[in-house]
Every structure is written in C-alpha cells, then in structure tokens.
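The points follow below the display.

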Amino acid sequence: MSGRHTEEHIHTVEGTDPHLFVEVHEPAEGTDTGLRPVLLLHGFSSSTKLNWGDTGWISTLKSAGRRVITVDLPGHGQSSSPEDLDSYSPSRIRADLLQIVADAGARPVRAGDPASGLDVIGYSLGSRLAWEFGATQPELVHRLVLGGPNKEDPLASFDLAAAQRYLADGTPIEDESTAGLLKMAQLLPSNDLFALLSLIEAIKGEPFDPAEAVPHMPMLLVAGDKDERAVTMPELASIAARAGGMVEQLLVPGRNHSNAVTSRVFKDAAVAFLGV
Amino acid sequence: MAEISFPLPDLGEGLIEATVLDWLVSPGDQVERNQPLVELETSKSALELPSPQAGKVIRIHGAPGETINVGEPLVVFEVPDNTAGIVGTVPQDDAPKRRVRLSAVLDED
Amino acid sequence: MSESTTAILEAAAATETQSVKLSMQQALNRALDEILSNDPKTVVFGEDCGQLGGVFRITDGLQAKHGGSRVFDTPLAESGILGMSVGLAMAGFHPIPEVQFDGFAYPAINQIVCQIARMNYRSRGTLPMPITLRVPSFGGIRAPEHHGESLEALFAHVPGLKVVSPSDPHDAYHLLKYAASRPDPVIFMEPKSRYWQKGDVGTSDGGTLTGARVVRPGRHLTLVAWGAMVARCLQVAELAAEDGIDVEVLDLRWLKPIDAEALATSVGKTRRAVVVHEAPLTSGLGAEVAQLITQSCFDTLKAPVERVTGFDVPYPSGDLEDEYIPNIDRILLGIQRVLEYRRG
C-alpha cells in the first residue's frame, strides 16, 4: 500500500483528511518474522525519505523481517500542507496516526500473539510524538524506540514572531535556537516553510510535558553522546522508570543530533530491542 | 580484472561535499549492489550510501571525520573484466544447441 | 583506456605482433582513444561517458587522459546530446556522442532526422555534419525495456544518414575509426551482447571498410546478417555443415548504404538466401535485402528469400528474449523452408 491517505475506504478523523503520505513496506522476501508492524516517525524539517529511507532504516528493518509503516508529517515530505492550524497540532497528528496504523492493519496487543500490537520508532520531534502515542495508546503500542529525545520540545520555545519578521524583511533573529531551527528548515528547498511554522505554532499551543502522560511499555532511548538537543535524555528515562516502565538507554559514541540517525549501533540496538 | 572507481555522487540539493562518519565496508570485502558502503553527513542530513554495483572493494578514500568533494574518489572496486557493465548481464557463449535437423536433396541444376 | 587494455597493447607492441586479442569493448575504447589523440577537433560525450567511463566501459579512462573538455558527461536528455552535436559540428568539431541505449534514441529523433541528416543538404554543403553517433544496440543482455531494441530500419530510412554495425572486435575498431573520419553523419550501432567476446584485432591493416564482408564462404545458401546475429549465423552454419549443407555467412556491416553488389555476388553463387535480424519483421531491413537479392538474382533463385526475425511486438522483457531473438532452431527452420521449396 502506498500513496496519499485519501482512498475512499480509508477513514478520516473528524471528517477531514489531512492528506498524509503513508507507505507500508513489506519485509524482504523470505525474511518475514511474523512480528507486529513498526511505525516510523521522523523529525522536524525532515521526512520519511531523509530520516528513514536515505539513512538505511527502512531497508535494515525490512531485512530484519519487519513490516514498516511510514508517514510524512503534515507539511513535510510528500504530505500536503493543510491550511488550518488544527491539522498540525500534536493531538490531531496522534489521532491521524492511530487511524493510519489501524488502516494498515495494526491491532491491539494480545498476549501470546507476536503479530499483534505496534512498535514505534521516533526521532527528535518523532520521539515526542511516539512518547505521547505510547502513553495514550497503551493497548496498541508494544515497545518504543526514541532517538535523539528531549524532555522539552525545543520547538515550544521557538520565537515565531522573530522568525516571521526574518522571513518578511530579513530582521536578524536573536534567539540562537530559533535561528538554528529556521536555518535547518531553510536548508532544504523542498520544505514548505509556512507549513513548518504552522506546525511550530500548533506545538506551542500543546507543548510537550512528558510527565503528564507516561508510556508504560518497554522503551529504548538512544542519542549521540554529542547530541546537545538530547542532554535531558536521562531525565526522560527516569520519568518513565518512575512510572514503572522498563527503560534502556544507549549513547552512540561520537555522534550528534543530526548524524546519530545513520549509526549502525543505533539500528542494531533498535532491531534487537524490538525483535521480541 | 578491471578497476572501477566510484566517485562521491551528487547528493542533490546543491551539496558539494560530504563528511565520512563511518565505513560499513573494508578493503577486501565482496559487496552486493545496493549494499550500504559508508555513512556520510552533509550540511543537510546524514545518510547511508548504497553500492552502485557488486564487486570487491580494493580501496576506500576518507577516514571518519574527513571531508570529500563530490566527484572525488570514494571507493575503488575490482570487477572481472567481463562484468564491467552496469545494466543487464554478460551473455555466456554456450555451446550451440539445436533441435532442428536439415534434410534436403540438393539438385545441382 | 583502462590499465589492463594498456598492458595488453604494450605487450603486443613489445612482441611486434600485427594483431592483438581484444574484446569489442576494449577495441572500441582503443579506437576512441586513438581518434581523440589524432584529431584535436573530436569530442566524446553522453550520459555517464565522462567520469564513469560509460555503462559499458567504452569510454573508460578517456576523460582522465584527454581532459574534461573533450570527454564529458551530459544531462539525461538525448535531444540535448544530439542538439549539442549539431551545434558542435556547425562550429567545426567532430562530435562522437553516445546514446546510452538504443531505446533512448527516440527522444532525439527530431535532432537526428530533422537536423543532423539534412543540414548538409539544407546548407548546400556548407554545414556538413561529421557526427558519429554511437548507439549500444540490439538485445541479448537481459536488460529492461528500451535497452534491447533494433532501430536500423528507422535510421536507414532517413536520407542523409549512414548506418553501420560491426559484428566483431576487429571491425568495431576499424569501422569506428573509419566512421569518425567521414564527413557525413554515421549511426554506429554496437551489438551490446558482443561487447565482451574477444577476437583478433589487426592493428596494421583494417582491410576493406566499406561494404559487406563474407565471414564464412559456402556453396548452398547465404545467411545475411549484421551485428550480434552474425555470430549466431556462424554457429548455425557449423550445424548445417553437419547436415551436409554448406552455408555462406555474409556480414552486411553497412545497413545504409547496403552493399547490393555483395548480395548479388554471394546469392548469385548459392542461389538461396535467408536474412536474419533481431528487429521486428514488418518493414524491417530484411525486406530491403530480399528485394535487392530478388532484383539481381531473380532468374537463378531457387526459392523466395526467407526472413527470420523478431516478432511484430514491442521488445519483450529479458526472460522472454530467447524466444524473441532469432535462435538457432528458428534460423535452421528458415533454411529448411528454402531448401524444401519447389517451383510450381
């Protein structure tokens, strides 16, 4: 299955279709483990192709016999850029994700059935969404792998007004994080900047609070040991552990927020962690 | 045997260079087409570069942390002389097989 | 030129032999190297021709040796490759463009037919088009669509173009050098399934480079072929000999103009002819060959000229190639039909 999330038999959430680009990748021939599907959630200003395709994740998971569901977030990759702000809110995205994985065949975890449930791998913003998805869908999500995770969403402190001024007339942005994120978004000519700003605005309306809803399924947290955007990973781990979940942490030597994602150490650990 | 050099390809979006993160193959390795060769990082993203062909890796260029320009040598493969094509397969010259036999009376008029 | 080719050539030079054993791939590479060395106006270009050295390694090492301004890569746009050839030829250059695969020539038909073929006529001889268009052609390597087609009839039908296809390394080497030396545009169809087979390449004497060539003399029947079908017809001739039939194999080589005299001489002797090509039957060059034979040998022919060809369908996928391309049995059956023919 591939293509926009628009086929008639596919269900929409609240009657509107955000036109997210969804693909389902079948396991490589002869490798099917019969395990539950894996949902991949990419980061801000990235896409399924950049975050999971070009980096070798999809082929690695397929070769490990896993069925993979990918989705481009609104305003990213091949998904469309809805006009309304609501389409970008994390809660709405989570609702769309639930509909998408259900349409792709994911079913609640049943004891003794390795095909049931759903594993989720996120990176950066995708990790935030995965955390919340796991916390709100405890019956569906089996295990989580969160890459480059942060207990606060850096997008929440993004200076939207400064960014809009900069885009309108070039007024320099004072806040370093805001300037850095905008530069990252501008690096890719294919990005729809105004959609990305809508996403930021929506996220500011629903900032990440990991303690508000904590996932209880086993989770693996992974970050480069030079990842400045993930220095709060141990705090995130202790929030999950305090809530009673099994938590593993892995630091990838020599890697930062933008290059930890290709690491074999990361992939091998994720495949092993989810291969149960 | 022939050598085929694989230069750092155009990675798109105006990129002119990439930094080596980690090699996934070593000289002497036999690789398949599309097998990941190396992890690279550009100013925009990190990626794994798949091998454009099957062959034996005989040289790799760029230690982790080093920057390589687009068009500069990245990997040198050794391939048998007769498989140095990229599309299709080399036909084998098998002994000719036949099922049809000719029968004719040749009148020499 | 690749290191291995250089080594072979040096070894040959050291022992002062008059011929070297090369694959067609190496022979074409060597010919291009020499053309570039001897003619400063020559430029070689196409998709992957520069840095990579061509998908079939035909231009391997040439950019390193002759520089990026004489051997270079083009965008994936055949109309641009041939359009640029027109401009270069007008400016006094001798372009040797490559269209990477036969089926990729279609997007450049406008440039080839409407410009290259008639510029010399249109300009009353003031703008000749000394272009040699190399096209890896025909099937046989299990490649995907557009990678196995036979366009000789299309090109041969266009006034102003010459069309040639070598069948072995020796002819490939000498015919390419000859074509590049001509003032007219030449479509040079390389039989890609024969790139890797080695053969003796005479380095001192190329022999006659115009017209057809008898590659196997015989008394009873003439097999007319070109490109990759020549090697197959030679196999068939050996098998026919086991059955007492002495087959002559005529490699047509030049498909425009066709060597009508060679056809008349060969079939005048054998009185029977079968023409073999990979291209589809209808309006294929086999019809032209059959007409030329009939014209000259009508009174002595023992049977109508037979054609053994591809089918009137789009070129199939690789796993059906062996059914599509004339195989040994189909050629033998064609011979049998001619042998069995009785007047009245």
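1. Strand 3 (residues 30-31) of chain B pairs with strand 6 (residues 55-60) of chain B in the antiparallel sense, over two bridges. Strands are DSSP runs of E with at least two residues, numbered from the N terminus, and pairing requires at least two DSSP bridges. B:Q30 has B:K56 in strand 6 of chain B as its bridge partner.

2. Strand 6 of chain B is also joined to strand 8 (residues 73-79) of chain B, antiparallel, by four bridges. Here B:I60 is bridged to B:V75 of strand 8.

3. The model is predicted: local features need pLDDT of at least 70 and side-chain atom pairs pLDDT 80 or more, while totals for chains, interfaces and linings use all residues. Residues are numbered from 1 along each chain as its sequence is written, with chains lettered from A and ligands numbered from 1 in the order written.

4. Chain C has 13 helices and 14 strands; helices are DSSP runs of H or I with at least four residues. Of its 344 residues, 55% are buried, meaning that 20 or more other C-beta atoms, placed from the backbone, lie within 10 Å of the residue's own.

5. Helix 4 (residues 78-90) and helix 5 (residues 109-116) of chain C have axes that come within 8 Å and cross at roughly 25°. Axes are lines fitted to C-alpha atoms over the stretch in contact, with angles from 0 to 180 degrees between N-to-C directions. Helix 4 of chain C is therefore roughly parallel to helix 5 of chain C, a term for angles under 35 degrees.

Key. A residue is buried if 20 or more other C-beta atoms lie within 10 Å of its own, exposed if 12 or fewer, and partly exposed in between; C-beta atoms are placed from the backbone. Angles under 35 degrees count as roughly parallel, over 145 as roughly antiparallel, 65 to 115 as roughly perpendicular and the rest as oblique.
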